[in-house]
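Subject: Structure handover

Hello,

Please find the structure below. My notes on it follow.

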Amino acid sequence: MRSPRAARVSLILLCLSAISVGLPATVAPRSFYDDFPFFAAWVELLPPYNEHLVTDVGGLYLGFAVMLAFAAWTLEVTLVQAVACAWLLSAALHLGFHAHHLDGFSTPDAAGELTSLGFLVVLPAVVLWAAAPRGQMAP
């Protein structure tokens, strides 16, 4: 592995991000919808509210958190690469959706949302780079 430390730190950051979305969406879906992130109410700008959808998304993020934590703990290369690829696909699609649905967002909120979602695309790319064998590119 090219950089176990970079892989582990990036996986841990992704895990914390997944928990920060998954836990409130699962245990308090209405509050998540009304206030996420941190009372900025970005989710609320994309109506309508659907408790089933929000709790399903929360569960998905918590499932990702478990896989990311396990990959960070073990640094088993195949698992690290698989979870990074899965997260990269999910994060890129998420960013793409939000980049085209910014109506109602203030300029600072739009910039904050796109920056935070962009960070979640960069981190799995760092993981893939870090998990590649020395002297080779990521798969």
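**The chain end**

Gly135 is exposed, with a relative accessible area of 80%. (Buried means under 20% relative accessible area, exposed over 50% and partly exposed in between, with a 1.4 Å probe and protein chains only.) Gly135 lies in the segment after helix H5; helices (H or I, at least four residues) and strands (E, at least two) are DSSP runs, numbered from the N terminus.

**About the model**

This is a predicted model, in which local features need pLDDT of at least 70 and side-chain atom pairs count only at pLDDT 80 or more, while totals for chains, interfaces and linings use all residues. Residues are numbered from 1 along each chain as its sequence is written, and side-chain values use heavy atoms, leaving out hydrogens and water.

**The core**

The largest nonpolar core has 31 residues, and Leu11, Leu68, Val80 and Trp87 touch the most other members. Such a core is a set of buried Ala, Val, Leu, Ile, Met, Phe, Trp, Tyr and Cys residues joined through side-chain atoms within 4.5 Å. Two or more of the core residues come from each of helix H1 (4-27), helix H3 (51-74), helix H4 (77-99) and helix H5 (107-131). H5 contributes the most, 8 residues.

Leaving aside residues up to four places away in sequence, Val80 touches Leu11, Ala71, Leu75, Val127 and Ala131, where contact means heavy atoms within 4.5 Å. Leu75 sits in the loop between H3 and H4 and is buried, at 13% relative accessible area. Leu75 is not a glycine, yet has a positive phi of about 50 degrees. Most residues other than glycine have a negative phi.

**Helix H1**

The 24 residues of H1 should span 34 Å at 1.5 Å a residue, and the end C-alpha atoms are 33 Å apart, which agrees; the expected span is 1.5 Å times one less than the number of residues. Buried residues of H1, including Ala7, Leu14 and Val21, pack against helix H2 (29-35), H3, H4 and H5.

H1 also gives 7 residues, the largest share, to the nonpolar patch. That surface patch of about 690 Å² is made by Val9, Ile12, Leu13, Leu16, Ile19, Leu23, Val27 and Phe119. Leu23, in H1, is partly exposed, at 43% relative accessible area. Accessible areas come from the Shrake-Rupley method with a 1.4 Å probe, and for residues only the protein chains shown count as cover.

Regards

How values were computed: Patches are made of residues with over 30% relative accessible area and no salt bridge: like charges are joined within 9 Å, nonpolar side chains (Val, Leu, Ile, Met, Phe, Trp, Tyr) within 5 Å. A salt bridge is a side-chain nitrogen of Lys or Arg within 4 Å of a carboxyl oxygen of Asp or Glu.
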